[in-house]
Amino acid sequence: IGLVSYGVVHLLLAWLIGSLALGESEGSATKNGALEQVKEQPWGTALLWIMAFGFAALTIWQLIEAIAGHRGSEGKERVFKQVTSIVKAGIYALFAFGAWKVGTQGSGGKDGTEPFVAKVMGLPAGQWIVALLGLAVAIWAGSMIRSGITKKFREHLSAEANHSDLSDAYVRIGTLGYIGKGPAI
């Protein structure tokens, strides 16, 4: 449920960005803007509650991975994977909170991000904090694109997926997915 919800949010974001770029709609091409689109649909509030549950489940999964997972790796590699799981847990938690918030009352502001960013910008060195967070997101997005181009994601495919009649299809789809995920991030 969580991964499907995550995919739905990204597809809605792509649709919103395309619509805004073509001047076909007004709105916010953000996570909360996508969630607002879900809310406007029949059964939208119920879907948002399901999505919030799914994102919460993903958060718990990544926290478990951070604490007890990645046992196939050692040393710095395991620590890196554990930190990555913590970051993913934080992202999924933000999605869970966003789905819950939009489902219960709406996003609050235009896209729900202005108050948070305004608060951070008001902090001493707030501009630096926002810049560093932006740089971290850009690096993450770049690493996704790089994984797609270099096909590094193949390390995560099962042996069957790497050595079956469909392995070329897996790799092509994975390449497109990772390269596409970078700009989405």
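## Helices and aromatic pairs

Tutor: Welcome! In this predicted model, the protein chain has eight helices and zero strands. Of its 185 residues, 32% count as buried.

Student: How do you know that the length of helix H4 agrees with its number of residues?

Tutor: H4 covers residues 75-104, and at 1.5 Å a residue its 30 residues should span 44 Å. The C-alpha atoms at its ends are 43 Å apart, so the two values agree.

Student: Why are Phe55 and Phe95 called a tilted aromatic pair?

Tutor: Their ring centres are 5.2 Å apart, and the cut-off for a pair is 6.5 Å. The planes make an angle of 50°; stacked needs under 30 degrees and edge-to-face over 60, so this pair counts as tilted.

Student: What does the pair of Phe55 and Phe95 tie together?

Tutor: Phe55 belongs to helix H3 (residues 44-68) and Phe95 to helix H4, so the pair ties together parts 40 residues apart in sequence. Both Phe55 and Phe95 are buried.

Student: And what makes Phe97 and Trp100 a tilted pair?

Tutor: Here the centres are 5.7 Å apart, with 35° between the planes. Phe97 and Trp100 are three residues apart in helix H4, which means about one helical turn separates them.

Student: Why is Phe97 called partly exposed?

Tutor: Its relative accessibility is 45%; buried means under 20% and exposed over 50%, so Phe97 falls in between. Trp100, at 36%, is partly exposed by that reasoning too.

Methods
Residues are numbered from 1 along each chain as its sequence is written. This is a predicted model: local features need pLDDT of at least 70, side-chain atom pairs count only at pLDDT 80 or more; totals for chains, interfaces and linings use all residues. Side-chain values use heavy atoms; hydrogens and water are left out. Helices (H or I, at least four residues) and strands (E, at least two) are DSSP runs, numbered from the N terminus. Buried means under 20% relative accessible area, exposed over 50%, partly exposed in between (1.4 Å probe, protein chains only). The expected span of a helix is 1.5 Å times one less than its number of residues. Rings of Phe, Tyr and Trp (its six-membered ring) pair if their centres lie within 6.5 Å; planes under 30 degrees apart count as stacked, over 60 as edge-to-face and the rest as tilted.
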